[in-house]
Amino acid sequence: LRSNPGGLLTSAVDVATLFVPNGSDIVSAKGRGFPEILYRSKTEPILSPNTRLAVLVNDQTASAAEIVSGAIQDLDVGVVVGKGRTYGKGLVQNVQDLPYQTALKYTVAKYYTPSGRCIQSTVYEEGGRGDDLLASSSEEKGGSRYKSKKVADKDRAVFYTAHGREVKDGGGVEVDYKVEPQKASPLEIILLQSGAYSDYAAEWSKTHELTDQFRVDEATYKDFQRFVEQKQADGDLKLEVFYDSQLKELSKKLKASKFDSSKKMLDSLRADIIKDVKKDFKNYKPEIIEDLEQNILARYLPDSLLIEHGLQSDVQVLETAKMLKDGNEFDKILARDNKSVEKGLLSNMVGDSSIETASSVTPDSKLQTQW
């Protein structure tokens, strides 16, 4: 679920149902003037209880994708893996159609994971200028003033999973098992953003045929380096692009001050930056070759096969696989023992639930709910 921005609530419930025990709460929603709704699994999961499950997330995993990862974490059926926390969007919006092909989207409720926590990371309140640039003009006209702020760690309440593990609200879904993603070098980012990979792949495909044993060999890699250097010489690619705006600003100030000798040093600095960036062709050779292979294969293969190919060298996937193979580590993370289970979700329950089931929602509603 890495970089998954979400989607339909019903799809999130359907996906979660595949993994959680039958009869498990998956997600609920509560709001002022909004009917309380509880979605619960009604079918047997496709996985046996002995199957070790991991969900990969990052800071761009949001909304409906957080419903799935939150349910799996709260019910202790799997381990959430990533660098830190997910995005933290725990709000429900309605969309009301308006004239002239426009619509109004407004918040009506918050959603809650099975443990009872809301993972919304931003709080909106009256009484401030607000982060929105439009807020200042609204204030000048005597409009309402609002402010938004991130939920502080000290304000995050503690809840418990089915096995009694502590989880907190107000900041997205925090991972159970931390694995740093592979960091891209400046050169990799420049080549990707400039389209150099895809441009070379297009040229390569004109004179080559894809085979089952395709790999970017040494000759192809050197040819790609020549391709990049030619684009740089033609002015189509700037290897110093990350520092270009600062260099231009400094050059402008030096010119205004008539510091000619410093101007020459600045030109030398630009050349040194380009030289250092080019060193990444050697320092990050395996990573650049992998990126190049992916872009060439993208011209021939569907996304599903591209993803499968990319996972073979994905650092987070490989580390997660090691953890899953180690049954002791997996069980330790999920705190699988009888005492912890007794402390679990029962700690989050207060009386009988009066929340309506999903089937009780009126099907003729004219408002479209987005998560």
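Q: Buried means under 20% relative accessible area; in this predicted model, what makes F224 a buried residue?
A: The relative accessible area of F224 is 0%, and because the cut-off is under 20%, F224 counts as buried.

Q: How do you know whether Y221 and F281 are buried or exposed?
A: Y221 has a relative accessible area of 1% and F281 has 4% relative accessibility; since buried requires a value under 20%, Y221 is buried, and F281 is buried as well.

Q: How many aromatic pairs does the structure hold, and why is the one formed by Y221 and F281 called edge-to-face?
A: There are six aromatic pairs. In the pair of Y221 and F281, the ring centres are 6.3 Å apart and the planes make 70°; because centres must lie within 6.5 Å and edge-to-face needs planes over 60 degrees apart, the two rings form a pair, and that pair is edge-to-face.

Q: Why can the pair of Y221 and F281 be said to tie together parts that are apart in sequence?
A: Y221 belongs to helix α6 (residues 218-233), whereas F281 belongs to helix α9 (residues 280-283), so the pair links parts that are 60 residues apart in sequence.

Q: What makes the pair of F224 and F281 edge-to-face, and which helices does that pair tie together?
A: The ring centres of F224 and F281 are 6.4 Å apart and their planes stand at 75°; because the limits are within 6.5 Å for pairing and over 60 degrees for edge-to-face, this pair is edge-to-face. F224 lies in helix α6 and F281 in helix α9, so parts that are 57 residues apart in sequence are tied together. Y221, F224 and F281 are among the members of one aromatic cluster, which also includes Y197, Y200 and F227.

Q: How do you know which strands are the edge strands of the open sheet?
A: The open sheet has three strands in the order β3-β4-β11, with parallel pairing. Its edge strands are β3 (54-56) and β11 (177-178), each of which pairs on one side only.

Q: What makes β3 and β4 a pair, and which helix packs on the sheet?
A: Strand β4 (residues 79-82) and β3 share three bridges in the parallel sense; because pairing asks for at least two bridges, β3 and β4 pair. The bridge partner of A54 in β4 is V79. Helix α12 (residues 315-325) packs on the sheet, where it touches β3, β4 and β11, and its direction makes about 165° with that of β3.

Terms used
Residues are numbered from 1 along each chain as its sequence is written. This is a predicted model: local features need pLDDT of at least 70, side-chain atom pairs count only at pLDDT 80 or more; totals for chains, interfaces and linings use all residues. Side-chain values use heavy atoms; hydrogens and water are left out. Rings of Phe, Tyr and Trp (its six-membered ring) pair if their centres lie within 6.5 Å; planes under 30 degrees apart count as stacked, over 60 as edge-to-face and the rest as tilted. Helices (H or I, at least four residues) and strands (E, at least two) are DSSP runs, numbered from the N terminus. Buried means under 20% relative accessible area, exposed over 50%, partly exposed in between (1.4 Å probe, protein chains only). Contact means heavy atoms within 4.5 Å. Axes are lines fitted to C-alpha atoms, for helices over the stretch in contact, and angles run from 0 to 180 degrees between N-to-C directions.
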